[in-house]
Amino acid sequence: MSQPFVPPLDLQSLLAPHREAIAAAIAEVIDSCHYVLGPKVEAFEQAFAAYCEAAHCIGVNSGTSALHLATRLAGIEPGDEVITTPYTFASSAWCASYQGAKPVFVDIDPATFCLDPAAVEAAITPRTKAIVAVHLYGHPCEMSALRALCVKHRLTLIEDAAQAHGARYKGKRVGTLGDMACFSFYPTKNLPCAGEGGALVTDSNKLDTRGRALRNHGSVERYFHHEVGYNYRLEAIQGAVLGVLLPHLEGWTAARRRLAHRYHELLADLPLKLPREATGCESVYHLYTVRVPERDKLIATLKEQGVGTSNHYPRAMHLQPCYAELGYKEGSLPVAESAAQQAVNLPMFPTMTEEQQDRVSDALHAYFA
Ligand SMILES: Cc1ncc(COP(=O)(O)O)c(C=O)c1O
């Protein structure tokens with residue numbers, strides 16, 4: 001009899017134990033008739049700020065909105081340049097483009113998939129206004145070096161922490177390592193909601209006050225608009241779901257880290273490049289991403305063996321058609337391009353069993369045998 005498929009992510013098993021609590025919280029919102037922002041969102045904002053060890057959290061309707069709010073708050077304008085990684089989800093670059101600025105892509109560190117600070121430094125020009133540091137796959141960027149560059153060149157440091165809730169760098173949580181940090185609660189993320197959701201986290205009172213108004217049409221008092229704003233408000237149902245799930249995040253992260261360490265041991269003898277934590281970094285293993293030259297063949301074989309994988313960024317952002325006018329060519333950013341060709345995400349979710357993990361390991365050993 002064939003064994004059940006091991007999925008890359010199993011949201012169902014993660015959320016099943018919390019179904020009743022989620023349903024009760026949603027029912028409360030429905031009965032309250034308070035559907036946008038409101039007490040559930042405020043309670044979650046306070047809890048998530050405390051979780052991040054930060055002063056403020058502004059709930060918004062996606063990670064993409066949080067990133068846009070951050071570039072707007074940073075005063076990014078047409079003609080400005082924003083340095084970021086090409087090996088990421090598109091929104092890390094959109095936030096520059098939305099403000100009419102130019103995303104400047106620089107290469108990554110092959111060990112962590114995160115921005116290479118030396119490449120960032122080499123790309124700084126008088127037009128550079130901000131750096132978007134993406135803590136990819138849950139691993140923090142080299143923030144001391146990036147922060148030093150931002151201080152020296154008077155740049156805004158924006159963390160894209162969409163995949164890194166709770167990760168630590170030199171003991172501090174991501175979300176407190178730059179001027180502003182952006183989180184996503186899209187259902188596949190480490191802290192999921194039941195739809196779209198995101199947050200901007202900051203220690204700055206000024207950015208918090210202005211950001212709160214901008215997410216709500218630029219108004220503090222209804223129908224009075226000091227700035228042209230957005231409708232980036234978080235819905236109450238999402239605030240309620242997030243409020244139920246946040247207390248479980250630490251346990252989920254511990255499970256992810258246990259599984260990652262077990263993968264390290266199980267796969268150590270294989271010709272795969274495994275993820276490793278840089279010194280001072282505590283990854284939350286949003287994904288467990290390995291690298292292998294013949295990636296597509298491996299993916300197909302694992303699928304035949306009943307093991308699901310994913311591959312998130314098959315084309316780096318600097319080579320996407322939407323950014324053709326920026327003039328990057330194949331070979332411009334070789335480390336990112338090779339990651340795009342070689343990376344495979346193995347199954348990783350907090351409720352994954354050791355039996356499922358053994359099946360992944362067995363399938364990989366069979367492939368290489
Ligand atoms: C690194 C990164 N940044 C930004 C985002 C955007 O978040 P959202 O999907 O909530 O808009 C994502 C989500 O996929 C992401 O992975």
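Q: Gly63 first: how far is a backbone N or O atom of Gly63 from an oxygen atom of the ligand?
A: The distance is 2.8 Å, from a backbone N or O atom of Gly63 to a ligand oxygen. A polar contact here is a pair of N or O atoms within 3.5 Å; within protein, one must be able to donate a hydrogen and the other to accept it, and residues adjacent in sequence count only if both atoms are side-chain atoms.

Q: What should I know about the model itself?
A: This is a predicted model, where local features need pLDDT of at least 70 and side-chain atom pairs count only at pLDDT 80 or more, while totals for chains, interfaces and linings use all residues. Residues are numbered from 1 along each chain as its sequence is written, and side-chain values use heavy atoms, with hydrogens and water left out.

Q: Back to the ligand: how far is an oxygen atom of it from the side chain of Thr64?
A: An N or O atom in the Thr64 side chain is 2.5 Å from a ligand oxygen. For Gln163, a polar side-chain atom lies 2.9 Å from an oxygen atom of the ligand.

Q: And how much of the ligand does the protein bury?
A: The protein buries 92% of the 390 Å² that the ligand exposes when taken alone. Those areas come from the Shrake-Rupley method with a 1.4 Å probe; for residues, only the protein chains shown count as cover.

Q: Which helices each supply at least two residues of the shell around the ligand?
A: Those are H4 (63–73) and H5 (91–97). The largest share, 3 residues, is from H4. Helices (H or I, at least four residues) are DSSP runs, numbered from the N terminus.

Q: Is H4 largely enclosed or open?
A: H4 is largely enclosed by the rest of the structure, because 10 of its 11 residues are buried. Buried means under 20% relative accessible area, exposed over 50%, and partly exposed in between (1.4 Å probe, protein chains only). Among the buried residues of H4 are Gly63, His68 and Arg72.

Q: What caps the N-terminal end of H4?
A: Ser62 does, with a side-chain oxygen 3.3 Å from the backbone nitrogen of Thr64. Just after H4, Gly75 has a positive phi of about 75°.

Q: New topic: is Ala122 buried or exposed?
A: Ala122 counts as exposed, at 69% relative accessibility. Its place is in helix H6, residues 117–123.

Q: How far apart are the C-alpha atoms of Ala122 and Leu9?
A: They are separated by 38 Å, and the two residues are 113 residues apart along the chain.
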